[in-house]
Amino acid sequence: MEKTKDIFKKCVDFTLADEVKALGVYPFFRPIDDSEGPVVSFEGRKFVMAGSNNYLGLTNDPSVKQASIDAINKYGTSCSGSRYMTGTVKLHIELEEQLADFFEKERCLLFSTGYQTGQGIIPTIVQRGEYIVADRDNHASLVAASIMAIGGGASQVRYRHNDMADLERVLQNIPESAGRLIVSDGVFSVSGEIVDLPELVKLAKKYNARIVIDDAHAVGVIGKGGRGTPSEFGLVDEVDLIMGTFSKTFGSLGGYVVGERSVINYIQHTAASLIFSASPTPASVAAVLATLKIIRNQPQLTERLIANTDYVRQGLLKAGFTLMPSRTAIVTVLIADQMKTLYFWKKLFDAGVYVNAFIRPGVMPGHEALRTSFMATHEKEHLDKVITEFSTIGRELGII
């Protein structure tokens, strides 16, 4: 009789992380001692932070921190329940109303994390006999949400990344009577590339599909007053649902979706990830309310963010690096080699620059890269250091 396989064997056999640690180039789970936004401390040393999604630098704004403190003093540290039951406070309602107004939609619904937001939308909306139509490069949270929907009987078809001709091919092959939801990032998290939303909207209309855009990396970065991808193209009314996270521009934790009143009402009363999860903490919600006020009143922050990013982008291109196409706050440097990417990351770390290493299995072979992202609060001296250290190490490793 064949011996029962130990389900933990895969864990014992997983040695990649230990092997990379032994080489001294392990880039993950580094604890930050303290943060000033564009500068952070690791192990008692100061680093230029060129890998954060704190795009407008608002996590350290005094008014944002004070808003969180005030909320704790009033409501405590937790709501101790789901939004559905005892976990709703006035701050939740106030933020939903303000976000709906900001994004020019009828209603908004908050979730405890951005990851849960996709799980609250996609499996709830797309059911048995209906189709998810997904970009192949969608964020992992959207992929997980789609898998949940498939488990409930929905179908999924994927199209080549940002390829609208392939999207049309996929839509043509879906049964005419079947409902379909096109799901795409607004700004893709690895490359910083923007979805071809005008063409996507045309195809959605042609094939009677609905649209959800994940604007996690777009809000505060593109669009009128930092309102994101639909605003960037003047297509707010044409995009059915816009979702996002508070962990980037909004300097907090949580997620949201905005859209038509009836759709949000349906999600609110049927989404498992909302009903069976504790609600966003008062401190987190208060921080978002404070950052939203700053975003409304200081649109120049978005302008400075893009100016900072363009400065680095041009500097790295001039040095000879190959970059993924982007005009957002993300600048991704292609290395196309696993070990060179890790050694490059370690040399940058030793030089006082922190970036993110993208290696297999997170990316396809040949797409290994160093992803940098910038803030409105970076000073020119920070940006020059990033360019200088990249250039020096790039020559040393034969990348440029």
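## Exercises on a two-domain predicted model

In this predicted model, one salt bridge is counted between domain 1 and domain 2. The exercises below begin with that interface.

**Exercise 1.** Identify which residues the domain assignment places in each domain, and state what distance separates the two centres.

*Solution.* Step 1: the assignment gives domain 1 as 8-59 together with 299-397, and domain 2 as 76-297. Step 2: taken over C-alpha atoms, the centres of the two domains are 27 Å apart. Step 3: the contact involves 22 residues of domain 1 and 23 residues of domain 2.

**Exercise 2.** Describe the area that domain 1 and domain 2 bury between them, and the polar links across their interface.

*Solution.* Step 1: the size of an interface is often expressed as the accessible area lost when the parts come together. Step 2: for domain 1 and domain 2 the buried area is about 1800 Å², and 64% of it lies on carbon and sulfur atoms. Step 3: seven residue pairs are in polar contact across the interface, counting pairs with both residues at pLDDT 80 or more. Step 4: on the side of domain 1 that touches domain 2, the elements giving two or more residues are α13 (300-319) and β11 (330-334). Step 5: α13 gives the most, with five residues. Step 6: by class, this side of domain 1 has 12 nonpolar, eight polar and two charged residues.

**Exercise 3.** Determine which residue forms a salt bridge with Glu232, and at what distance.

*Solution.* Step 1: side chains of opposite charge can pair when their charged atoms come close. Step 2: the partner of Glu232 is Arg327, with the closest N and O atoms 2.9 Å apart.

**Exercise 4.** State how many salt bridges the whole structure has, then examine the pairs Asp101 with Arg296, Lys206 with Glu168, and Lys380 with Asp384.

*Solution.* Step 1: the search of the whole structure finds 20 salt bridges. Step 2: Asp101 and Arg296 meet through their side chains at 3.0 Å, N to O. This pair links distant parts of the chain, 195 residues apart, with Asp101 in helix α4 (residues 90-102) and Arg296 in helix α12 (residues 282-297). Arg296 counts as partly exposed because its relative accessibility is 34%. Step 3: Lys206 and Glu168 meet in a salt bridge at 2.7 Å, N to O. Here Lys206 belongs to helix α8 (residues 197-206) and Glu168 to helix α7 (residues 164-172), 38 residues apart. Lys206 has 56% relative accessibility and therefore counts as exposed. Step 4: Lys380 and Asp384 form a salt bridge whose closest N and O atoms are 2.8 Å apart. Both lie in helix α15 (residues 380-396); because they are four residues apart there, about one helical turn separates them. With a relative accessible area of 25%, Asp384 is partly exposed. Step 5: a network of salt bridges links Arg160, Asp163, Asp166 and Arg169.

**Exercise 5.** Is Arg83 buried or exposed, and what does its side chain contact?

*Solution.* Step 1: Arg83 is located in the loop between α3 (62-75) and α4. Step 2: the relative accessible area of Arg83 is 11%, and the cut-off for a buried residue is under 20%; Arg83 is therefore buried. Step 3: the side chain of Arg83 makes a polar contact of 2.8 Å with the side chain of Thr88. Step 4: leaving aside residues up to four places away in sequence, Arg83 touches Thr88, His92, Ile93, Glu96, Leu110, Leu274, Ser277, Ser279 and Pro280.

Terms used:
Residues are numbered from 1 along each chain as its sequence is written. This is a predicted model: local features need pLDDT of at least 70, side-chain atom pairs count only at pLDDT 80 or more; totals for chains, interfaces and linings use all residues. Side-chain values use heavy atoms; hydrogens and water are left out. Domain bounds come from an automatic or database domain assignment. Contact means heavy atoms within 4.5 Å. Buried area is the accessible area (1.4 Å probe) that two parts lose on being put together, summed over both. A salt bridge is a side-chain nitrogen of Lys or Arg within 4 Å of a carboxyl oxygen of Asp or Glu. A polar contact is a pair of N or O atoms within 3.5 Å; within protein, one must be able to donate a hydrogen and the other to accept it, and residues adjacent in sequence count only if both atoms are side-chain atoms. Ala, Val, Leu, Ile, Met, Phe, Trp, Tyr, Cys and Pro count as nonpolar, Asp, Glu, Lys and Arg as charged, and the others, Gly among them, as polar. Buried means under 20% relative accessible area, exposed over 50%, partly exposed in between (1.4 Å probe, protein chains only).
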